[in-house]
Amino acid sequence: MSDSQSSSSSSSSYDSASLGLPPPNVDGNHRPSDDSRSLSQGLNPTVSRHWRDVFWLLIFMVHLTVVGLALGVLGLNRFKTKDRLNIDRYTMGFLENKDGLTEDYWRFYAVAGGVGTVLGWIWLLLLSSRATQIMKFSVHILTTYLAVISVLCFWCKQFFWGVAFAIGASLQFLYVISVIDSRLPFTMLVLQRAVKMVWNIPEVLQVACIFMLFMLLWLALWSFGSAGVVALSIGDSGRWWLLVVLSVSLFWTGAVLCNVVHVIVSGMVFLVLFHGGQEATSMPPKPLMNSLRYAFTTSFGSICYGSLFTAAIRTLRWEIRGLRSKIGKNECLLCCVDFLFHLVEFLVRWFNKYAYVQIAVYGKNFNRSAKDAWELFQSTGVEALIAYDCSGAVLLMATLLGGLIAGTCAGVWAWIKHSDRVMMVGSTAMLMGMILVGLATVVVESAVTSIYICYAEDPSLINRWDSAFFTLISEKLHQRLQHGSARARAREVLSHNRDYQIQEAGTI
């Protein structure tokens, strides 16, 4: 084992030197013995871990209890009998006096749950043979789908939603032509290797399927309460506010479950790469059960904390990067976008998806995990590669498309039966579909994040796993670092010329 580690460290140093990169460690000094010791301790199931971010664990459990009780009450109030619990006397019932019942709308959510689950399982089943085609299809069809839904909303006189979907279609189109098209070949290369890794660990696919079933149980309760809200006699504004609150709660709960899967899969992928395969004698016993135990105990608070902010910050960062690349020479607009860009980059330093790999392997708290992962990428230059990769955006598009399909199926049936409630049902059903499909796509995303962490920690791990992929990713990293240096020099020249022109104008 020591011989293999020494050979790995020497090959890693050689590869980094040949590319003109700093050695793959945060402090810039490659110490294989220290790194191996820290890794082995983090991956050793006999080493006890401390509970992290306990406050957010308690907040999430209290939130889950309160929301669960509220959902039960709201759904039961109009289940088979109007105002069973006499809630209408506390509401402004005189604004509307309809005889809607929970079961009238619950069936629409059942359709959305069924469609989302089927799409998620289809994604997992086709992961080995058609994953690349599905992702390319999702990227290019999403703009058209959003535009069609926008037209249908205008046709149904839902002008707010028509404008919202039209804006979404425009942003998607701009992002695809400005960012995705040029970076899609490299992104597909990374995703193909991630799919290859996941397919060789069938246990993680089973975990995703099991978590879908758990999510369906919670969605049954959530949709029961949401159907009760849609049937409630409090006017449209009151119903919308309640649905927004319940949707935020569902988003957090779904993100927590997705990130639990993320931590479990990341831990497994990192172990396979670190030990050279599942059949390696150095692999710890029952790695999947240990990852599962850590994710639901000592690291669960960190997962709850990160799930609140990571997705929103990541999406904002993608949009700002796409806008920044298309501004041109408008210095005023560029200055404003640069301010937002640096603000989001600061937030990304503390909230990023790569933290979940550090949580899985080392058991750190969320903020320290995110900070350590980002500093690792910056010190090794891998941050330039991550900025170029669009795998997260592509997987998000696949998730959005799945949610839109589920929401459309539920919305069409709701429009036939209750046309005045179609947007309430359709929008919330779309969120259900996104969460269920997201539980499938997060498996691949976890593999991508683990590959990048391993490449930054020790490139020889990737070289041992797939030498052809290692060569391609190293060449792309070298290109991106050269591109970044050229852009930095160009900015310095432009800044110097601008300062010189200002000085000349002042002397005149």
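This briefing describes selected features of the structure shown above.

The structure is a predicted model, in which local features need pLDDT of at least 70 and side-chain atom pairs count only at pLDDT 80 or more, whereas totals for chains, interfaces and linings use all residues. Residues are numbered from 1 along each chain as its sequence is written, and side-chain values use heavy atoms, with hydrogens and water left out. Helices are DSSP runs (H or I, at least four residues), numbered from the N terminus. The structure holds seven salt bridges, and helices α7 and α8 pack with their axes 11 Å apart.

**Packing of α7 and α8**

- Two packed helices are described by the angle between their axes and the distance between the axes.
- Helix α7 covers residues 202-230 and helix α8 covers residues 235-275; the angle between them is about 170 degrees. Axes are lines fitted to C-alpha atoms, for helices over the stretch in contact, and angles run from 0 to 180 degrees between N-to-C directions.
- The two helices, α7 and α8, are therefore roughly antiparallel to each other (a term for angles over 145 degrees).
- The contact of α7 with α8 has 19 nonpolar, four polar and one charged residues. Here Ala, Val, Leu, Ile, Met, Phe, Trp, Tyr, Cys and Pro count as nonpolar, Asp, Glu, Lys and Arg as charged, and the others, Gly among them, as polar.
- L232 is located in the loop between α7 and α8 and is buried, at 3% relative accessibility. Buried means under 20% relative accessible area, exposed means over 50%, and partly exposed lies in between (1.4 Å probe, protein chains only).

- L232 and G75 are separated by 157 residues in sequence, while their C-alpha atoms are 9.5 Å apart in space.
- H63 belongs to helix α3 and is buried, with a relative accessible area of 15%.
- Between H63 and W252 the C-alpha distance is 10.0 Å, although the two are 189 residues apart in sequence.

**Salt bridges**

- Side chains of opposite charge can pair when their charged atoms come close. A salt bridge is counted when a side-chain nitrogen of Lys or Arg is within 4 Å of a carboxyl oxygen of Asp or Glu.
- K371 is partly exposed, at 25% relative accessibility.
- R421 forms a salt bridge with D420, with the closest N and O atoms 3.4 Å apart. R421 is buried at 3%, whereas D420 is partly exposed at 40%.
- Salt bridges that share partners also join R193, K196 and D466 into one network.

**A nonpolar surface patch**

- V148, L152, W155, V412, W415 and I416 form a nonpolar patch on the surface, and together they have about 640 Å² of accessible area. Accessible areas come from the Shrake-Rupley method with a 1.4 Å probe; for residues, only the protein chains shown count as cover.
- Patches are made of residues with over 30% relative accessible area and no salt bridge; nonpolar side chains (Val, Leu, Ile, Met, Phe, Trp, Tyr) are joined within 5 Å, and like charges within 9 Å.
- Helices α5 (131-155) and α15 (391-417) are the elements that give two or more residues to the nonpolar patch.
- V148 is part of helix α5 and is partly exposed, with a relative accessible area of 45%.

**Helix α12 and positive phi angles**

- Helix α12 is mostly covered, with seven of its eight residues buried. The buried residues are A355, Y356, V357, Q358, I359, A360 and V361.
- G363 follows α12 and has a positive phi, near 75 degrees.
- Most residues other than glycine have a negative phi.
- D53 is not a glycine, yet its phi is positive, at about 50 degrees; D53 is placed in the loop between α2 (32-43) and α3 (54-77).
- K157, also not a glycine, has a positive phi of about 65 degrees. K157 lies in the loop between α5 and α6 (159-199) and is exposed, at 64% relative accessibility.

Note on methods:
Parallel < 35°, antiparallel > 145°, perpendicular 65-115°, else oblique.
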